Amino acid sequence: MMQIPCIHCGPRDESEFTCGGTSHMARPGLDESDRNWGEYLFFRDNPKGLHLERWRHAQGCGQWFNLARNTVTHEILSVYAITDPPP
Amino acid sequence: MTASRLAAPLGSRVDRSQRLEFQFNGRRFSGFAGDTLASALLANGVQLVGRSFKLHRPRGIFSCGVEEPTGLVDLSTGATRTPNMRSTLVELYDGLVAASVNCWPSVGFDVGAINSRMAALLPAGFYYKTFKWPNWQLFEPAIRRMAGLGTVSGEPDPDRYEEVAAQADVLVAGGGIAGLSAAVAAAEAGADTLLLASGPTLGGALAWRAGPRVAELIVRAERCGVRHMTRTLAFGIYDHNLVCAREVLHPPAGRAGAGGALRERLWKIRARAVIAATGAFERPVIFPNNDRPGVMLAGAADKYAHAFGVACGQRVVIAANSDSAYQVAASLRGAGVQVVAVVDRRPRADIGAEAAQVHTLVNAGIATVGGAKAVRHCSVFSIDTDVRPERLECDLILSAGGHAPAVHLHSQAGGKLRWLEESAMFVPDGAAPGVWSTGACAGIFTPDTAVNHAAELGTALALGRAVPAAAVGGAGRSLAITHIPGVAGKQFIDLQNDVSTGDIGLAAQENYRSVEHLKRYTTTGMGTDQGKTSNVNALVLMGEFTGREPADVGTTKFRPPFAPVTLGLFAGRRVGALYRPLKHLPAHEWHEAQGALFEQFGNWIRPAAYPRSGESLESAAQREAAAVRKTAGLLDGSPLGKLEIFGPDAAHFLDLMYVGTMSNLNPGQARYGLLLNENGIVVDDGIVARLGPQHYWVNTTSAGIERTAAAFEEWLQCEYTGLRVLVTPVTSRWGNVTVAGPRAWDWLASVGFDSALAPSSMKHMTLRESALDGMALRVLRASFSGELGYEINVPVDRVTGLIERLWERAPQFAAVLYGIEALEIMRTEKGFIHVGTDTDGTTLPQDIGFARAIERKAANFVGRRSLLRPAARDPGRFQLVALSPVDRRTLLPVGAQIAAAAPPTQTEGHVTSSYWSPELGAPVALGLLARGTQRLGEKIRVHHLGKVIDAEVVKAPFIDPTGERLHG
């Protein structure tokens, strides 16, 4: 179980959080092609190494934030606000 | 029966003044306080303890610790019976009851032992190769009965388990001399230090050998504030240095034979740094019939003699591959045990001077072991072929093949291993992330070096300094070679799983060369011991068969738990009523007093109906629904999901969330809305009412409130970040009392509700803030039953009072209480959907009649883009329809498939809701049907368990099509 540093509450056990998947996904508009809309809905990279993802401190402050994690070592490289650009 | 107690001072761990009685296989024995079950059995001369997993061969006690492969017992009886406990770890207590595993009718005479006669027919993979036609499942139950070990009680576990979280700067796993030394150094350097010892006392496996130094370290540990726990095994290390440990309470707190006691604690410890000081296991020597009771690890016999005062035999032969054999020989002689000979596989030149102290046969191995259920003698062959085999009279054969460091924590944390050729062992190659090894588990076998390294490591980690490298060594020389080729008799690699050298050879021959494949094909390294005494021998042997070095064969992946852990430990207190705690209505007791029949709906426990005496749930629901349609009824709707949405952008936000438009509602107006996910699927529904320009009242389904609130938050925080909106869940703040029926208003008026709420002045789908004797009310005129209906939202602490006040006047209006079942009947009569029942994970809003609403709305909303996909516009989609059986009598079963021909065939849909309508005196049903909306009046065939019910697609709703009752 990872220990995740919530940007508001500090380090807490992973079981207090829910993961919302990859961050910084641009949400296409209504006029986007079916293919691009399908890519947005169903296709994600599965990188070995750095992954930017969003987490919610569901059993705590309830806030979403971004997290940069190494998917191999689970090292958390940084946490940053949900509206911040990638580090 | 040749074992016996040795005179004091041997047996430093046992207290001979405290005699404990226990039973094994129905026979009474006694031991001493401080004994394990294994030491007490050995002291009583019991060598045959159980039968093996597959071949039912007689087996005894092989080790003195956690690595025990064979000395397994079922402990206790009845509900507290625990299978496959290692007798070497079970601390003796008065009244202990234990029994052998995998034998019938008794361990001495075992019918299943026929398997050992057929051993040649039962090699690795035998079952899978043989019982594959017609299928494995056919044979599996019988084979499972024959194979296996202990049996579970089959009753609920009456004992209790706890979970505790803890933190430490430095966590030391292992209470031996290295662990103590590391912990003392870390604490003396100012670190908050926690020490876990798996045994009952500090000092570890060698405490009896290193007495005074251990005692001194324990004093220092007390003084510098090392927190320590005994009987606590660190069984796993997980992400970010979370160490999980199992604390066993001995004897279980509050128990003397009976159940219901606190038995174990799960410790979840987050540590900045972890020091592993978990010692090493002895590696056995392989020879024919090396599984006989009376063959055991050399170090174990040494410990039984010194720590427990038990001589495991009187005439000892030691089979050796390693220098450690001579230390044990000397130690046992010192304890007064006769060492007949050391049989060493190595040439004279490789053996140290200590061999001179004992009769040593070099270049030699054990060729046969005499005796089936105990050792009677053995014969020794020499690799120098001109020497005749020699017969040795003995009753105990010890196995000294070298050591294997217990590297599990290091490896679990991702640490690498390297092969140390001279000692034939894997040792940690540097540190693992967050985990540093010391002592024998790091390959440091010289006690002084280990103590010093541990201390330096403890200090360095406490102060954040560079850590010292491990000075690996001191284990002496040993030979990797693991078996004797070309002799008769099974040579076992894995005693617990009956894996012999031949099985490893077969795996190599059939190309299961990877250790992971080897493990799964032969089952070596599986079971309760996970190969603690067999893994290294197995992979060395695989290397021999395939011409590879052990380092190239590698080890299987180390995964937690290191030792068996009870399921109860992981369940903790999350059992029974606490497994999934249910929510109760604010007026739960009141409903109970009215005779409510409670059922679970989602996370809520609420009245399904209020049966009168003699009534079934179904007949009560029929009566209640009929009464609501005729007079009036009261439903406790408190679980209804409730959100308040505030802010300048609240209206715009709700337009984005809902299929319907909410921004054009005037204050006081309400509208039904559907919520979709990004795939366009209907996920929730409910009524949205506007309380003010920047304030909305949102109802969701009872089950959907948490996920709807979470979805709103996610959209606001992650996507529509510029909107000034506040979402406040208020379900637990507001109760809901729903009053419905033609006399609903008369009933409300009779208890003093404001006349502004009368149907004449308050329209359907409007909301008024009102008050009754100072009690704030939010009254929504809406209806899920199809009758004139008021959903009265009231602060939770006033719900019971309001219901009581209404109920006093009920007789006057012939009003009833109704539950969920009656509500389901009425909403089905009206054709109202229940999301998740009449919809599924493929249902789009146009499938349930919202095509027009989507067309009318210009703005974007969540899921809209997905409604434009070709598949979403396919006219063959499943659409919601009303269904009626042609005979107007037969209920259409929920879930029944609709198809022209009998299944198996392509389905055209299925029945989603179905009830008997008391109003119509006929069944009513809803279903999802391909092209459903274009098939009004069409006949369909409903298939249920081989029967066909003819039905037709009819117009919804079944009652009040013009809405006269609804609008009043």
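The questions and answers below concern a predicted model with chains A and B.

Reader: How many residues of chain A are in contact with chain B, and how many of chain B with chain A?
Author: The area buried between the two chains is about 2200 Å², and carbon and sulfur atoms give 48% of that area. In residues, the contact takes in 24 of chain A and 26 of chain B.

Reader: Which residues in chain A lose the most area to chain B?
Author: Three residues together account for 34% of what the chain A side buries. They are A:M1, A:R27 and A:L30.

Reader: Which element gives the most residues to the side of chain A that touches chain B?
Author: The elements of chain A that give two or more residues to that side are α1 (34-42) and β4 (50-56). By class, the side has 10 nonpolar, seven polar and seven charged residues. With five residues, the element that gives the most is α1(A).

Reader: With which side chain of chain A does the side chain of B:E678 make a polar contact?
Author: B:E678 sits in the loop between β36 (670-676) and β37 (682-692) of chain B. Leaving out residues up to four places away in sequence, B:E678 touches A:R27, A:W37, A:Y40 and A:L41, and in chain B it touches B:W715, B:V862, B:G863 and B:S866. The polar contact, at 2.7 Å, is with the side chain of A:R27.

Reader: Is B:E678 buried or exposed?
Author: The cut-off for a buried residue is under 20% relative accessible area. B:E678 has a relative accessible area of 13%, so this residue is buried.

Reader: Which residues touch the most other members of the largest nonpolar core?
Author: In soluble globular proteins, nonpolar side chains tend to be buried together. The largest nonpolar core here has 82 residues. One of the residues asked for, B:L398, is in contact with residues including B:M296, B:A301, B:I318 and B:L332, all beyond four places in sequence. The four that touch the most other members are B:M296, B:Y304, B:I318 and B:L398.

Reader: How many residues of helix α7 of chain B are buried?
Author: The buried residues of α7(B) include B:A301, B:D302, B:K303 and B:Y304. They pack against elements of chain B, among them β16 (295-297), α8 (324-334) and β24 (396-400). Of the 10 residues in the helix (298-307), the number buried is nine.

Reader: What is the relative accessibility of B:N84, which has a positive phi?
Author: Phi of B:N84 is near 60 degrees, in a residue other than glycine. B:N84 is in strand β7 (residues 82-86) of chain B. B:N84 counts as buried because its relative accessibility is 18%.

Note on methods
Residues numbered from 1 in each chain as written. Chains lettered and ligands numbered in written order. Predicted model: local features only at pLDDT ≥ 70, side-chain atom pairs only at ≥ 80, totals over all residues. Heavy atoms only, no water. Core = buried A, V, L, I, M, F, W, Y, C linked by side-chain atoms within 4.5 Å. Buried < 20%, exposed > 50% of the residue type's maximum accessible area, 1.4 Å probe, protein only. Contact = heavy atoms within 4.5 Å. Buried area = accessible area lost by both parts, 1.4 Å probe. Helix = DSSP H or I, 4+ residues; strand = E, 2+ residues; numbered from the N terminus. Nonpolar A, V, L, I, M, F, W, Y, C, P; charged D, E, K, R; others polar. Polar contact = N/O pair within 3.5 Å; in protein donor to acceptor, adjacent residues only side chain to side chain.
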